[in-house]
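Hi,

Here is the structure I promised to pass on.

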Amino acid sequence: IESEYTKKGAPSECIYIDTDSVYFSSAPLLNGVDPKTFTVALAREMETKCNKFYDILAKRLFNCDKHRIVIKGEAVMSAGFWVAKKMYAMKKVFNLETDEDEDDIKHKGLAVVRSQTPPAFKSLMSSMLSDILSLKGKKDIDATVLDFRGKLETLPVLEIAKSTGVKEMSKWMEKGNKSLNSFIKGTPGHVKAAIAYNNYLTYIGKDKLHSPLRDGDKIKFVPLRENPQRISRMAFKNYDDPPEVLALIQEYIDYDEVFRSEASKKLQAFYDALGWGLIPTEINQ
């Protein structure tokens, strides 16, 4: 069932196709009948017809009475949109593989709920997908984006900090350099944050009271605004952290950069797919 978001420009019965998948709209054939019931029946009929054709194809082209070419229906959806090849989201209403009704959102290739994604942004992106696939309009989606950005600075740091593991810290540290920003050019951002944490412990004289970060540790980290120590990113463990580190983060966390890195690019991909232009910000309103 085609939504208004599945394709920009003139409507097309073939919504999407790649190596092993194809999605068609049944909308032109509905003529007032129940969409889900009709589409499930149509999908089953097309399965049967295609598989009978493959039997003929195998015999005539390959001289095989038995073959492994089979086409199977996957799902009936009420709405869906594609950002790029193998990057999509859909709202499933029927599972053709289990022959059962289903109310679920499926997405593939979209960076919305990765393990590193901060909890607040996981919630935002999941909510955005649900709203878009429920056919909420651009005005409502814009309001959600602006509301989230407006509340971002009131959220706990734990809700917006990125989580990851850290390793090979010594590989990126400048030998003999004890400054707060002693790392080699090209150091990954999360490693910079971890090295800055260890260096800051020494700087404030707390390296004997609190354990440093080591290879294999799990960390959380955030970008910082311009600050007296010129630290661009700071990590923390969420346990055994000196109050000075937490105070530095709380005072200088760069909320604009947090939003840009965790939401702007992903949301813009949605807006581009839907033909909605730029995502709303306080700057371009």
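**Glutamate 168 and the rest**

Glutamate 168 counts as partly exposed, because its relative accessibility is 41%, between the 20% limit for buried and the 50% limit for exposed. Glutamate 168 sits in the loop between strand 6 (162-165) and helix 5 (169-172). Its phi is near 55 degrees, which is a positive value in a residue other than glycine. Do keep in mind that this is a predicted model.

**Overall picture**

Now the whole chain. The protein has eight helices and eight strands. Its radius of gyration is 26 Å, whereas a compact globule of 285 residues would have one near 19 Å. The C-alpha trace spans about 80 × 50 × 30 Å along the principal axes. As for burial, 39% of the 285 residues count as buried. The accessible surface comes to about 16500 Å², and carbon and sulfur atoms account for 52% of that.

On contacts: if you take those between residues at least 6 apart in sequence, 57% join residues at least 24 apart. On charge: there are 43 positive and 40 negative side chains, and the centres of the two sets lie 6 Å apart.

**Helix 2**

Helix 2 covers residues 119-133, so to speak the piece I looked at next. Its 15 residues reach 21 Å from the first C-alpha to the last, close to the 21 Å expected at 1.5 Å a residue.

**Helix 6**

Helix 6 (residues 189-203) has 15 residues and reaches 20 Å from its first C-alpha to its last, close to the 21 Å expected at 1.5 Å a residue. Its buried residues are Val191, Ala193, Ala194, Ile195, Ala196, Tyr197, Asn198, Asn199, Tyr200 and Leu201. What do the buried residues of helix 6 pack against? Their partners are helix 5, strand 7 (218-223), strand 8 (233-236) and helix 7 (243-252). Glycine 205 follows helix 6 and has a positive phi, near 75 degrees.

Lysine 175 is in the loop between helix 5 and helix 6. With a relative accessibility of 69%, lysine 175 counts as exposed. From the C-alpha of lysine 175 to that of isoleucine 204 is 21 Å, and the two residues are 29 apart in sequence.

Is asparagine 31 buried or exposed? Asparagine 31 is exposed, because its relative accessible area is 77% and the limit for exposed is over 50%.

Glycine 32 belongs to the loop between strand 2 and helix 1 as well. At 81% relative accessibility, glycine 32 counts as exposed. Its C-alpha is 31 Å from that of serine 127, and 95 residues separate the pair along the chain.

That's what I have for now.

Cheers

How values were computed: Residues are numbered from 1 along each chain as its sequence is written. This is a predicted model: local features need pLDDT of at least 70, side-chain atom pairs count only at pLDDT 80 or more; totals for chains, interfaces and linings use all residues. Side-chain values use heavy atoms; hydrogens and water are left out. Helices (H or I, at least four residues) and strands (E, at least two) are DSSP runs, numbered from the N terminus. The radius of gyration is taken over C-alpha atoms; the globule rule is 2.2 Å times the number of residues to the power 0.38. Buried means under 20% relative accessible area, exposed over 50%, partly exposed in between (1.4 Å probe, protein chains only). Contact means heavy atoms within 4.5 Å. Accessible areas come from the Shrake-Rupley method with a 1.4 Å probe; for residues, only the protein chains shown count as cover. Lys and Arg count as positive and Asp and Glu as negative; His and the chain ends are not counted. The place of a charge is taken as NZ of Lys, CZ of Arg, CG of Asp or CD of Glu. The expected span of a helix is 1.5 Å times one less than its number of residues.
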